[in-house]
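Please look over the sequence and the model below.

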Amino acid sequence: MKISGNHTILIIDDNDVSRSMLRHILSSDIRHKVVGEAGSGKLGLEMMERHRPDVVCLDIHMQDSNGLDVLRQIKKQWPHTIVLMVSGNNDRNTILEAAQGGANGYLVKPFNPTGLLNTIEQAIAKARSQ
């Protein structure tokens with residue numbers, strides 16, 4: 001992962017509105033560059049291979065795949081990638097399962113721009129310190 005400068009971000013979410021909101025919020029901050037968007041877990045994994053982003057915003061519940069399974073695949077192949085799980089549900093068991101799978105953070109829909117950017121920065125800072 002880069003120590004400073006822009007961080008590349010991949011968004012994997014099957015909801016067009018969520019992807020658009022994430023892209024808009026992230027693009028408003030010069031520290032971040034969205035390098036790709038995927039509407040499915042399968043396409044997301046293909047884009048991971050192509051772009052090798054620093055950060056992934058990954059939806060937990062997608063129609064074609066389970067985000068927790070995609071998380072495990074990402075962490076197995078690219079263990080240093082920061083993965084933030086995205087969900088409309090802040091169920092304790094789901095958050096726990098995501099953390100056990102290697103998630104670096106959790107974002108709850110609807111997004112608060114300041115909270116979203118702070119969560120990403122905190123996850124990046126924590127990963128740098130490890």
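Helix α1 (residues 16-27) packs against α5 at an angle of about 75°, and their axes are 10 Å apart. Axes here are lines fitted to C-alpha atoms, for helices over the stretch in contact, and angles run from 0 to 180 degrees between N-to-C directions. α1 is therefore roughly perpendicular to α5; angles of 65 to 115 degrees get that label, those under 35 degrees count as roughly parallel, those over 145 as roughly antiparallel, and the rest as oblique. From α1, Leu22, Ile25 and Leu26 meet Pro113, Leu116, Leu117 and Ile120 of α5, where contact means heavy atoms within 4.5 Å. The residues of this contact of α1 with α5 are seven nonpolar, no polar and no charged. In this classification Ala, Val, Leu, Ile, Met, Phe, Trp, Tyr, Cys and Pro are nonpolar, Asp, Glu, Lys and Arg are charged, and the others, Gly among them, are polar.

The model is predicted: local features need pLDDT of at least 70, side-chain atom pairs count only at pLDDT 80 or more, and totals for chains, interfaces and linings use all residues. Residues are numbered from 1 along each chain as its sequence is written, and side-chain values use heavy atoms, with hydrogens and water left out. Helices (H or I, at least four residues) and strands (E, at least two) are DSSP runs, numbered from the N terminus.

Gly41, Leu45, Met48 and Glu49 in α2 meet Val70, Gln73, Ile74 and Gln77 in α3. By class, the contact of α2 with α3 has four nonpolar, three polar and one charged residues.

Next comes the sheet. Five strands form an open sheet in the order β2-β1-β3-β4-β5, with parallel pairing; two strands pair if DSSP finds at least two bridges between them. At the edges are β2 (32-38) and β5 (105-108), each of which pairs on one side only. The twist from one strand to the next averages 25°. Strand β4 (residues 82-87) is joined to β5 by four bridges, and the two run parallel. Methionine 85 has tyrosine 106 in β5 as its bridge partner. Helix α5 (residues 113-129) lies across β1 (7-12), β2, β3 (55-59), β4 and β5, and runs at about 150° to β4.

Two loops hold backbone details. Proline 110 lies in the loop between β5 and α5, and the peptide bond from lysine 109 to proline 110 is cis, with omega near -5°. Arginine 52, in the loop between α2 and β3, has a positive phi of about 45° although it is not a glycine.

How confident is the prediction, and where is confidence lowest? The protein chain averages a pLDDT of 91, and 96% of the residues score at least 70; pLDDT is the predictor's confidence in each residue, from 0 to 100. Confidence is lowest in helix α4 (residues 92-100), at a mean of 89, and highest in β3, at 97.
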